[in-house]
Amino acid sequence: MKYDVALFDLDGTLVDSVYDLYIAINLTLSDLAFPIVSQSLVESWVGNGVETLVMRALSGDMQISVHLDEALSNKAITLFYQHYEQQVGEYSVLYQHVETGLSALRGMPKALITNKARIFTEKLLDKLSLTSHFEVIVCGDDMAKKPSPEPLLFACNKLNVEPCKAIMIGDSKSDILAAHAAKIDVIALNYGYNQGEKLSDFNPQYLCDNFLDIIPTLTQR
């Protein structure tokens with residue numbers, strides 16, 4: 001086959017987890033007497049890790065305020081972790097056809113590469129019965145986050161495969177830029193958390209609208 005291994009993003013690619021994040025963010029903001037925010041805003045802020053998400057919520061904007069107090073940010077991040085640990089996986093669901101698609105790819109080694117912290121990632125994977133699909137799991141607190149190529153190259157090394165024989169599947173600019181930097185082909189999925197950006201602008205090798213659309217690419221010879 002053209003590709004020997006598949007590297008998957010988590011949130012926005014396999015799992016729609018935004019409602020859990022939305023609840024945890026608003027509990028955090030309420031604790032700090034900050035105005036709560038809409039689910040659509042939270043969805044637009046997802047994709048760059050928890051710390052960035054929390055600081056965007058405190059700023060009320062995608063652009064983090066330069067006037068944001070560091071002590072406040074740290075307190076908010078701690079509160080968010082507490083709320084999200086209780087919340088993670090409660091309302092998260094697999095996107096359509098993910099279970100079918102991963103089962104169809106059972107013979108292909110797979111890695112999960114997420115900017116989410118390990119404590120939350122493992123809990124979410126267990127709740128949704130996804131853990132067994134992945135030989136390698138790389139989380140946001142293991143090393144540099146995407147768009148750094150480091151976690152993708154680490155996964156390739158752990159799977160004993162050259163980057164040119166791997167393919168990344170994700171839903172955001174960070175996934176595409178990380179793959180490009182690692183010299184790894186990438187499939188961009190249009191249905192996830194793309195922060196309002198047109199993924200085709202970042203020149204992924206493949207662009208798909210449905211999870212099952214990735215199967216022919218991953219199994220081509």
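## Exercises on a predicted model

At 0% relative accessibility, Ala166 is classed as buried.

### Exercise 1. The setting of Ala166

Determine which secondary-structure element holds Ala166 and which residues are in contact with Ala166 beyond its neighbours within four places in sequence.

**Solution.** Begin with the element: Ala166 belongs to strand 6, which covers residues 166-170. Next, set aside the neighbours within four places in sequence; Ala166 is then in contact with Tyr3, Val5, Leu7, Cys156, Ile184 and Asp185. Finally, take Ser200 as a reference point: Ala166 and Ser200 are 34 residues apart in sequence, and their C-alpha atoms are 20 Å apart in space.

### Exercise 2. Two aromatic pairs

Classify the ring pair Phe80 and Tyr84 and the ring pair Tyr81 and Phe120 by geometry, then locate the residues in the chain.

**Solution.** The structure contains eight aromatic pairs. In the pair of Phe80 and Tyr84, the centres are 5.4 Å apart and the planes are at 20°, which is the stacked arrangement. Phe80 and Tyr84 both lie in helix 4 (residues 70-87), four residues apart, or about one turn of the helix. Both Phe80 and Tyr84 are buried.

For Tyr81 and Phe120, the ring centres are 5.0 Å apart and the planes meet at 55°, so this pair is tilted. The pair links distant parts of the chain, with Tyr81 in helix 4 and Phe120 in helix 6 (residues 118-127), 39 residues apart.

Now compare accessibility with the cut-off of 20%, under which a residue is buried. Tyr81 has a relative accessible area of 25% and is therefore partly exposed. Phe120 has a relative accessible area of 0% and is therefore buried.

### Exercise 3. The largest cavity

**Solution.** The volume of the largest cavity is about 230 Å³. Its lining consists of 18 residues, and Asp11, Val46, Gly47, Asn48 and Gly49 are those nearest the centre. In terms of helices, helix 3 (50-59) and helix 8 (173-181) each contribute at least two residues to this lining.

Terms used
Residues are numbered from 1 along each chain as its sequence is written. This is a predicted model: local features need pLDDT of at least 70, side-chain atom pairs count only at pLDDT 80 or more; totals for chains, interfaces and linings use all residues. Side-chain values use heavy atoms; hydrogens and water are left out. Rings of Phe, Tyr and Trp (its six-membered ring) pair if their centres lie within 6.5 Å; planes under 30 degrees apart count as stacked, over 60 as edge-to-face and the rest as tilted. Buried means under 20% relative accessible area, exposed over 50%, partly exposed in between (1.4 Å probe, protein chains only). On a 1 Å grid over the protein atoms alone, a cavity is a set of points where a 1.4 Å probe fits but cannot get out, and a pocket is an open set with protein on both sides within 12 Å along at least five of seven lines; lining residues have an atom within 4 Å of a point. Grid points are joined across faces, edges and corners, and a volume is the space filled by probe spheres set on the points. Contact means heavy atoms within 4.5 Å.
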